[in-house]
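Hello,

Here is the structure I promised to pass on. Have a look at it first, and my notes follow below.

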Amino acid sequence: MATELGPTPVKEPVSGGTPIHHAPKGVGEDNAIASQGRWAAWLLAPTILALAIVIVYPIISAVIMSFQQDAGLDPATGLFTEGGPAGFSNYTNWIFQQCAAPGGGTVACPPGTLGAQFWSATGTTFFFTIVTVTLETVLGFWMAVIMARTFKGRSLVRAAVLVPWAIPTAVTAKLWLFIFAFEGIGNKLFSTTILWTGSEWPARWAVIIADVWKTTPFMALLILAGLQMIPAEVYEAAKVDGASAWQRFRMITLPLVKPALMVAILFRTLDALRMFDLPYILTGGANNTTTLSILVINQIRQGFNAAAALSTITFIIIFLVAFIFVRFLGANVVEQSGATGRGKK
Amino acid sequence: MKTPKFLLPVATAGVLALTLSACGGGGGTTSSGGGDAAQGLDGRGPITYVQGKDNSNVIRPLIEKWNAAHPNEKVTFKEQTDNADQQHDDLVQHFQAKDANYDVASVDVVWTAEFAAKGWLQPLKDKMALDTSAMLKPTVEAASYKGTLYAVPESSDGGILYYRKDLVPTAPKTWAEMMSMCSIATANNMGCYAGQFKKYEGLTVNASEAINSAGGAVLDKDGKPSLNTPEAKAGLENLTKAYAGGQIPKEGITFQEEESRQAFQDGKLLFLRNWPYVYNLATTEGSSKVKDVLGMAALPGLTGPGSSSLGGHSAAVSVYSKNKATALDFLKFLTTEETQKFFATQGSLAPVLGKLYDDKDLVAKLPYLPVLKTSIENAVPRPVTPFYPAVTKAIQENAYSAIKGEKTAETALSDMQKSIESASAGQ
């Protein structure tokens, strides 16, 4: 991570709209470009093949599975039999919270089935995402601004901040489980008797606190990288013009760090929408902390095909969120390094 | 102009796709194992035994012993993780792939019906039959599905009521008696009773025990849910009333096995429902405050001993195995008196052979055996159903709400009933 510290040289945007290629240009440029393209294709081929195997294939097979019925029990033999094609019923069952009825057909899912939890899990997932990402952005920004300053022991702080992020999430969850235990240090320290994992709002806050603790450093470092891109001269110029600290923050820091910030928020949002380990270990999904991912995992044990439908729904939800980010909020994953490049013509 | 714009959606899709592929794993569905079950019955040769992590080094010495005696039919040990869910998923994947190398597998009692209904387990009848008459009956029931034995009980487990000998003169035999002793707990400024009431598998164990001990049943003889009964209601209400009344301390709903053991060892509980493993720790750990005052009894029931939920593992032969004759011999080897004794002494695993519970040497080493025998003899297997994952979720979800007082025991039971009916109806 952040190894090269200190003021980073600003990339001067190439004027005149020349493509940003690092290859030398010269005689026979067209030829070179053509052969370069072929080369590129060959060099990319292994990666694309690997992606096809590990990403495209599972997605397609999951989608195909989601249109199959789960195996049903043959009452005569007591053995499971293939379900056959299901059409969209796996999807509609989730969305309208319909479950199989004993006599055939469907009924509204009774409490205690996974089907009855779809909308509450969706709500919980978004609740966690919005709250944690907001908190992490604010705290991460604050940490980044501090870390961007020059002070003694700065590298140590930067390294130390990474520790929570470096701990595997499952371990983090276990640590916080001990802290939030009834006899745990959390209650001892503040002389409280809160059932952290046993009642609704404390359980939610337990998950949020653990998640914020873990991922704020990630936010902070991405934002810090963005801050480093802002040349010191801009601030000097603003100071000379008499801009106050608040004005410098609002008119220079914020707009210039925005591309990096948006990417950081996008990554965190996508990550938070898939949240699984923390609530699974901390609460087991009790007290309204069941996220969509937990629901998928629980459903896998009860029937693959309905689980495939649910993971496809989750995928579509996350995809839509990412699309909105990229399309309307200007999060630009690919060009994030050219932070100062945009807007200048 | 800039870097190719088309890369952007591709990259975004890539990032997102990872989310899906992480979830969409596993695939394929069932196929009936009709043909496979008839194959390899006389096959002899090397086999593999699959089991979760061998924490107390029980299986390796046994396999060495077997291998020394059977040089041409060696057993290889495939060790899984120590997480039950992961063991389950690993077995499912290998059975689905019809892996002939998973010859004999150690199966948790609650998975037997599911695996049997998927057609993955060799029915232990005709050529594959073996004698189970010396085994405790509930363990055999838990290894059977629709009247056919699909696995042989390997180790067992049952709940025990631990109590404070110094404060309670005689152990309570019934739930009502135990509740009446709670005044002792109040006088000593401690909690009265706890089991495992966090929303996880342990809650299924505890809630089923409450229902069974009061004369109810989660499933009837035909595997249909039977929860809308006065007995089941009385059973669940024992828990809900005790929680509302403070006999179960409020932190009880965050307890798993370890938290409840810790509370008991710290002197914060008068009665504790837990597994036999607590005995060793509570009597030897330095910090334990109950070392010399640890009493053990069968779980309290309606008029006599209650019905414990049954734990433990069974050994099953895969239908895809090529050497089933060897596999059967190995199953018999796992259940000999000698092996079972070794399980008990080396690994503190409860034997499945009834007579070992009266073995003097063994009882001297493991003083909880007589109590455990009563517990297992009265035990009821957790619902034996191929839909166990859905059934256990239905029980947990609703029992948890009922204990917390969010719904009445009656509503919780009727919701459980409907959920289980819906799960068993298939899609």
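B:Glu406 counts as exposed at 52% relative accessibility (exposed is over 50%, buried under 20%, partly exposed in between, with a 1.4 Å probe and protein chains only). Its side chain meets that of B:Lys404 in a salt bridge, 3.3 Å from N to O (a side-chain nitrogen of Lys or Arg within 4 Å of a carboxyl oxygen of Asp or Glu). B:Lys404 is partly exposed, at 22%.

A few words on the source: this is a predicted model, where local features need pLDDT of at least 70, side-chain atom pairs count only at pLDDT 80 or more, and totals for chains, interfaces and linings use all residues. Residues are numbered from 1 along each chain as written, chains are lettered from A and ligands numbered from 1 in written order, and side-chain values use heavy atoms, without hydrogens and water.

Over all chains there are 29 salt bridges. In one of them, A:Arg268 pairs with A:Asp211, the closest N and O atoms being 3.1 Å apart. This pair links distant parts of the chain, 57 residues apart. A:Arg268 is buried at 2% relative accessibility, and A:Asp211 is buried at 6%. Both belong to a network of salt bridges that also includes A:Glu136, A:Asp271 and A:Arg274.

As for confidence, chain B averages a pLDDT (the predictor's confidence in each residue, from 0 to 100) of 89. Over residues 1–33 of chain B, however, pLDDT stays under 50. Where pLDDT is low, the predicted coordinates should not be read in detail.

Best wishes

Definitions and conventions: Contact = heavy atoms within 4.5 Å. Helix = DSSP H or I, 4+ residues; strand = E, 2+ residues; numbered from the N terminus.
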